[in-house]
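This report goes through selected features of one structure, from its strands and sheets to its cavities and a few individual residues.

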Amino acid sequence: MIREIVFDPFLPLMVLAVISALAAVALAFAAWRGLGGWPWRALAAIGILAALANPSLQHEERDPLTDIVVLVVDESASQDLSTRAVQVADARAQIEAAIARMPNTELRVVTVGDADDNRGTLLMTRLAEAIANEPRGRLAGAILLSDGQLHDAQVAPDLPAPLHLLLTGEPEDWDRRLVIENAPSFAILDEEVVLTLSVRDQGAVPESAAGTTPIIVSIDGGAPQTFQIPTGRSMEVPLTLPHGGINVIQFTVPEAEGELTTRNNAAVVQINGVRDRLRVLLVSGEPHNGERTWRNLLKSDASVDLVHFTILRPPTKQDGVPVSELSLIAFPTRELFMEKVDDFDLIIFDRYKLRGILPGAYLENIARYVEDGGAVLFAAGPDFASADSLYRSALERVIPAAPTGRVVEEGYKPSLTDLGARHPVTEGLGGVTASDETPPWGRWFRQIELQPTSGDVLMNGAGDRPLLLLDRVGEGRVAVLGSDHAWLWTRGIEGGGPQLELLRRLAHWMMKEPELEEEALTATAEGNTMTITRRTLGEQAQSVTVVTPDGEEDVLPMEEISPGLFIAEYEGEAMGLYRLREGEEEAVAVLGPAAPREFEETIATREKLKPTVDATRGGIFALSEGVPALRTVAEGRPAAGRGWIGITPREAYATRSTSLTPLLPAWAWLVLLAGLSVFAWLREGRR
C-alpha cells in the first residue's frame, strides 16, 4: 500500500488563484498601513486557502507490472550461411534462459524473414512494430540477433531502453559477388553494346582467391563462353545481340573455395534487341493502282528506309525516242542486286516479270540472298502466270508455289484457312476467324492460280484456291500473294478490308519480328507469377517443363485460349533464372533479380547499426566470441560492458484501488480558522 498527501480542492483552481490574489492584495494593504494583527490575518487567509484546497491522505493499492525485453531474431536467407543458424539458435536459448531467471521480467520474441518485392531485411521496421504493441513504460531493452545486414536502418525507432546487437558470422568469412554496374535496356541489332560489370570480394579474402576469376556468359540459355577478368575493378564487356526482342544474358562466376554463397555469383540482364532501320527494296514492274498502296504502307513506318523503283520504260520498248532525251533514271541493277543486295532486310517484287533487265546471275544472287537469311515477297499480277514469270528463273527454287498459267477473273472474298486462323500473320485479321463463312470485307476480282509446292497456305481466294503462302527457305523467308487487287480494300470498295494490317504483318513477319513468330515460347513475370505463352501451328501444345534456379523440374499443362495460342501460369518460390522447354522450343525467364538483395552483402557488419545502438548506450557483440551475460542497470547508466549487456528495470505498476482521507475534518478547520480570526481581531484591538 502506498500513502501520499494530495490535494482535492473544493473549488476550481482558477477560483482559488483569484481568491489567493485578492487575499495577497488585502494583506499587503494591511501591512502597508501598519495594522497590528495583519500577520495573524495572513495566517487566517492561508488557513482558508488550505481548507479550500482540501489536503487529503491518498491510499493506493498497486500491482507491480513486469518489465518487457524484445528479442528480434533475423531469419532472412543470409542467416542460413555458414554457422549463423547454429549461433542464432544457441544465443536465443541462452537469452530465453537468462530472462526466465530474472524476476518480474518477460521476453517477447519476434522474427524477421525476407521482405516481399526483394526489399531485403527490414529489421528496424519489425522492431518498431514489436515495440508499438507494448506499453512504452514497461520496455526494459531490445536485443537483435542478426548479421547486421539490414535495408531499413533509416527507420530506427525511438527506444526508451538500451538496444543491443548480437552479431552472427565468423571472423574468417568471405564472399565473392558479381555486380552489373551498367546495362542498357535496349540495343541495336548487329551493333556492339557494352555492359559494365565487376567481381567484388568481401570479408577476409584469402590470398589464393585474389587476382583473376573466370566469368561465364550465356545468351538465352545457349552455349556458354568463358573469359578471365580481374577482381575488384570494373570491366567493359562488348556484346552483339543475336536476335530482335528480349535477349536474356546470364553472367556467372564459378564458386571459389571457402566463399559463403554462390547466390550472388550470377546476374541476369534483359536487353530488348531492336533494328535501327529496316531497309526495304520495292521493285514495281509497271505503274498500277496497287504500287501506291505498297509505297504508302512502307513510308508510313518511320523505322523503314524504302528504296522504290518502278520500271517505266523496259529495254524491249521501241518508240524511237533517243535515250539522251529521256528524263528517266537508269535502273542500277548491278549495284542493287549484286553489290548491295545483302544490305536489304526485305525485297518486294510487285507485278515484276522477266524483261531482260535482271540477268540470270542477278536472280541467282537473289535466291542465294534468301537462303542466307534474306526475305522476298512476290505480289503476283497477271505477268506471274505468263512465260515471263519470275518463276521461270533461278528464283524457282525459293518460290513455294508454281503458277498454272491461269488468271481467274471473278469476284471473291479472301478467307482464312484453318492454318491461317492460327498463324500470327493472319490470326484474328479484321476480327475474322476460320469459322466465319462470309468475311465482312470487300471482294477482290483477280487471282493468279497457284499450285503449292511447299510452305503454308494462310488465305484462300476464288474457289478455295491458294491466295497467300508463306515459306522458310534456308535461313530466309518467302511469301507469295496471288493477287494484285489488295488495293481495293484501301479504296473501300464494297466496304474495304484490313489491307494495311495484312500487309504490315506480312512485311514484319518476313523481317523476323519476334512477336509474329508462328512457333514461339515466351514468358512474362510479375512478382512471383510467371505467365508462359506458347504459340504453335500444331493442334495442341504439350505440357511445358519449367527448370528452377536450383535445377528442379516442374511440368505444367497448357490451356488453349485461342487457336494456336496456349498459356500456363507458374508460381515461382525462388528468384532467379528459369528455363522453359516445350517440344523443340526453349526459352528463359527471370523472376526477380538473379541475385536477391539479401545476398548483395553477406559479410556480417556492425557499422549499419552502430549509431542506433550507441544512442541507447547499448552494445554490439560477436557471437563467435560467445553470448554475453545479461544483467540489470540503472536508467541513464551505460548498458554494456566487457562480456555483458544490460536492461533497465522500469518499475511499472497498475493501480488496483485508491482512497482519500482528509487531513482534518471540516469542524476542525472551522475551529482553527475562527480562532485565528478572533485572535487577529483581539490583537488589532490591543486586547
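Two strands are taken to pair if DSSP finds at least two bridges between them. The structure to which this is applied here is a predicted model.

## A buried strand between two partners

By that criterion, strand E6, residues 163-167, pairs with strand E33, residues 620-622, through 3 bridges, and the two run parallel. Within this pairing, Leu166 has Phe621 of E33 as its bridge partner. E6 also pairs in the parallel sense with strand E5, residues 139-146, this time over 5 bridges, and Ala142 there has Leu163 of E6 as its bridge partner.

How many of the residues of E6 are buried? The count is 5 of the 5, so the strand is largely enclosed by the rest of the structure. The side chains divide between two directions, with Leu163, Leu165 and Leu167 pointing one way and His164 and Leu166 pointing the other, and all of them are buried.

Along the chain Gly618 and Ile647 are 29 residues apart, while their C-alpha atoms are separated by 9.0 Å.

## An open mixed sheet

An open sheet is formed by 8 strands, which follow the order E16-E15-E17-E18-E24-E23-E22-E20 with mixed pairing. Strand E16, residues 304-310, and E20 stand at the edges with a single partner strand each, so that one side of each is left without a neighbour in the sheet. Elsewhere in this order, strand E23, residues 466-473, and strand E24, residues 476-481, pair in the antiparallel sense over 6 bridges, and Leu469 has Val480 of E24 as its bridge partner.

Thr417 lies in the loop between strand E20, residues 415-416, and strand E21, residues 447-452. Thr417 is buried, with a relative accessible area of 12%, and a polar atom of its side chain lies 2.8 Å from the backbone oxygen of Val457.

## Cavities and the helix that lines one of them

Searching the whole structure gives 3 cavities of 30 Å³ or more. The largest cavity holds about 90 Å³ of space and is lined by 14 residues, among which Gly290, Trp294, Asp484, Ala486 and Trp487 lie nearest its centre. Two elements give two or more residues to this lining, namely helix H5, residues 289-299, and helix H9, residues 499-510, and H5 gives the most, with 3 residues. In terms of residue class, the lining of the largest cavity comprises 6 nonpolar, 6 polar and 2 charged residues.

The second largest cavity has a volume of about 50 Å³. Phe349, Arg351, Tyr352, Phe378, Ala379, Ala380, Gly381, Phe384 and Leu390 line it, and by class this lining has 7 nonpolar, 1 polar and 1 charged residues.

How are the buried residues of H5 arranged around its axis, and which residues does the opposite face carry? The buried residues of H5 are Gly290, Glu291, Thr293, Trp294, Leu297 and Leu298. They cover an arc of only 155° around the axis, which puts them on the same side of H5. An α-helix has 3.6 residues a turn, so residues three or four places apart point the same way. On the face of H5 turned away from the buried side are the exposed residues Arg292 and Lys299.

Ser82 has a positive phi of about 55° although it is not a glycine. Its place is in the loop between strand E3, residues 67-74, and helix H3, residues 84-101, where Ser82 is partly exposed, with a relative accessible area of 43%.

Asp190, likewise not a glycine, has a positive phi of about 70°. Asp190 is found in the loop between strand E8, residues 186-188, and strand E9, residues 192-203. Is Asp190 buried or exposed? Its relative accessible area is 70%, and because exposed means over 50%, Asp190 counts as exposed.

Notes. Residues are numbered from 1 along each chain as its sequence is written. This is a predicted model: local features need pLDDT of at least 70, side-chain atom pairs count only at pLDDT 80 or more; totals for chains, interfaces and linings use all residues. Side-chain values use heavy atoms; hydrogens and water are left out. On a 1 Å grid over the protein atoms alone, a cavity is a set of points where a 1.4 Å probe fits but cannot get out, and a pocket is an open set with protein on both sides within 12 Å along at least five of seven lines; lining residues have an atom within 4 Å of a point. Grid points are joined across faces, edges and corners, and a volume is the space filled by probe spheres set on the points. Helices (H or I, at least four residues) and strands (E, at least two) are DSSP runs, numbered from the N terminus. Ala, Val, Leu, Ile, Met, Phe, Trp, Tyr, Cys and Pro count as nonpolar, Asp, Glu, Lys and Arg as charged, and the others, Gly among them, as polar. Buried means under 20% relative accessible area, exposed over 50%, partly exposed in between (1.4 Å probe, protein chains only). A polar contact is a pair of N or O atoms within 3.5 Å; within protein, one must be able to donate a hydrogen and the other to accept it, and residues adjacent in sequence count only if both atoms are side-chain atoms. The arc is that of the directions from the helix axis to the C-beta atoms.
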